[in-house]
Amino acid sequence: MPPSGKSGRRLQSGPAALLSPPDVQQILARLNGHGFQAYVAGGAVRDLLLGRPPHDWDVATDAPPHEVKVLFPDHLPAGERYGTITVRTPERMVEVTTFRSDGRYLDGRRPESVSFSRDLAADLARRDFTINAMALGPGGELVDPFGGRADLAKSRLATVGDPRERFREDALRMLRAVRFAAELGFAPEAGVKRAILEEGRLITHVSAERIRDEFSRILLAPHLVYGLRLLRVTGLMKRVIPELDAGFGVMQNKYHAYSVYTHSILAAAATPPVLALRLAALLHDLGKIRVKSVDPGGAAHFYGHETASVELAERILARLHYPASLIARVRLLIRHHMFSASPAVKDSTIRKLIAGVGAKTIHDLIRLRTADALSSGREQGAGGLSLEDINLFAERVERILAGPAAFRRKDLAVTGHDLMQGLSRPPGPEIGRLLDYLLGQVLEHPEWNSRETLLALARDHVDSR
Ligand code: ATP
Ligand code: MG
């Protein structure tokens, strides 16, 4: 079931609720004043009817691109080939696009040609879903030839025309369907789901970057569990992230009520909506599929699964062309997600963990571990820890961070310069090694972090070699 299968969502109505902001109105008025038709079209109309603030405003017009450029001197011509001129207003960038009717689609992604049209209906007909195929005139009048408003009220996602044909034209629409379902909590019509099952193999025509962008939006959407499940039941997950699909039905041990797959998507949903965290939660346990062993007593073990998960996550994220910095962040979080957090762990171990990963990361690791426990379906999930254990650990981390401890070389009460002077040593790598040695000592004994003690420790260390 979709999260909001209720029929009869209340929509905004009346011209006042469907009004565009003044700068957008001015664009419509200027086009009208020169004898052209002009409408706000697409996503903004959908969002206005839903009472959600639109994040971008697109204008559709029968004015050809060269006329739009003349009427709006402050513009960027990017997208002109497809009829789009981006007009700059004091408030925002507005894409003004000439009514289009798309030519034949040959490559499963883009029309071979686009022709400009005088006809709003033709322009709305090329759009993907009925809820995205509405337009608003300058006075707030709704143009809705495909029943988009009724579908919005029923929380229903339907394509304009036959879904198989529309997905064969442009395979990206299949992922967009799942993304809108996850963002809005809408159920795709049965025919849409069936068409994705039937045409899913065409997803190979979509670039990794476009898949990545839609996937990220699904992961950050309010109804991500529903969206990720839709990806699996429509067969798209197997094509986009087969490594995750493979966790379906892989049961775990006494610490987990759910399969690797279900645990992974619930863990992602239990983290705050930050991409690196959600990706780390989604992928943190994938290595379990590779390293699962069963002991003579019948219990499953997953020794070293963090390392296997890191490898799989890197492979998946690189394939989807995620930026290197994001991959590095996800890798770090997965690498350390099994950090020791039991009440028995010593303060010095916590200080060393903080020194190893940094203060920002320790907070994300705690969020990840909390999500891990919340999504285990057991009282003692996440490697045998309860939520209370993790909360206690988080409190200890806060106390330690607020205290005088040193976590980095520059937190030490001596500098490299002090060591060179105090020990009469030349500059060089030895000084760096000495600072690291002192940091190790201070992580064990924070009370040793004073100038005299550290200089004495350094002298002893040098003499003892
Ligand atoms: P959002 O901006 O929240 O992603 P949106 O509906 O505005 O949602 P855009 O990608 O900005 O989506 O596209 C604007 C409009 O262009 C859509 O509402 C839809 O009418 C049309 N559109 C976008 N992509 C496609 C596509 N692949 N096939 C058909 N129509 C599309
Ligand atoms: Mg948009």
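Author: Asp58 stands opposite Glu95 in strand S5 of this predicted model. That pair belongs to the contact between strand S2 (residues 58-61) and strand S5 (residues 93-98), which run in the parallel sense over four bridges; strands here are DSSP runs (E, at least two residues), helices are runs of H or I with at least four, both numbered from the N terminus, and two strands pair if DSSP finds at least two bridges between them. Residues are numbered from 1 along each chain as its sequence is written, while chains are lettered from A and ligands numbered from 1 in the order in which they are written. In this predicted model, local features need pLDDT of at least 70 and side-chain atom pairs pLDDT 80 or more, whereas totals for chains, interfaces and linings use all residues; side-chain values use heavy atoms, without hydrogens or water.

S5 also pairs with S4, here in the antiparallel sense and over five bridges, and Ile85 of S4 has Val96 of S5 as its bridge partner. A hairpin of four residues leads from S4 to S5. S4 (residues 84-88) is in turn paired with S3, antiparallel, over two bridges, where Leu76 has Thr86 in S4 as its bridge partner. S2, for its part, is joined to strand S1 (residues 38-41) by three bridges in the antiparallel sense, with Ala60 of S2 as the bridge partner of Tyr39.

Put together, these strands belong to an open sheet of seven with mixed pairing, in the order S3-S4-S5-S2-S1-S8-S9. Strand S3 (75-76) and strand S9 (142-143) form its edges, and because each has a single partner strand, one side of each lacks a neighbour in the sheet.

A second topic, for context, is ligand 1. It is surrounded by 16 residues, of which the closest are Arg46, His55, Asp170, Arg173 and Arg217 (near means a heavy atom within 4 Å). By class, one of the shell residues is nonpolar, four are polar and 11 are charged, where Asp, Glu, Lys and Arg count as charged, Ala, Val, Leu, Ile, Met, Phe, Trp, Tyr, Cys and Pro as nonpolar, and the others, Gly among them, as polar. Helix H2 (43-50) and helix H7 (172-184) each supply at least two residues of this shell, and H7 gives the most, with four. A nitrogen atom of ligand 1 lies 2.7 Å from an N or O atom in the side chain of Arg173, and an oxygen atom of ligand 1 is 3.1 Å from a polar side-chain atom of Arg127; polar contacts are pairs of N or O atoms within 3.5 Å.

Note on methods. Polar contact = N/O pair within 3.5 Å; in protein donor to acceptor, adjacent residues only side chain to side chain.
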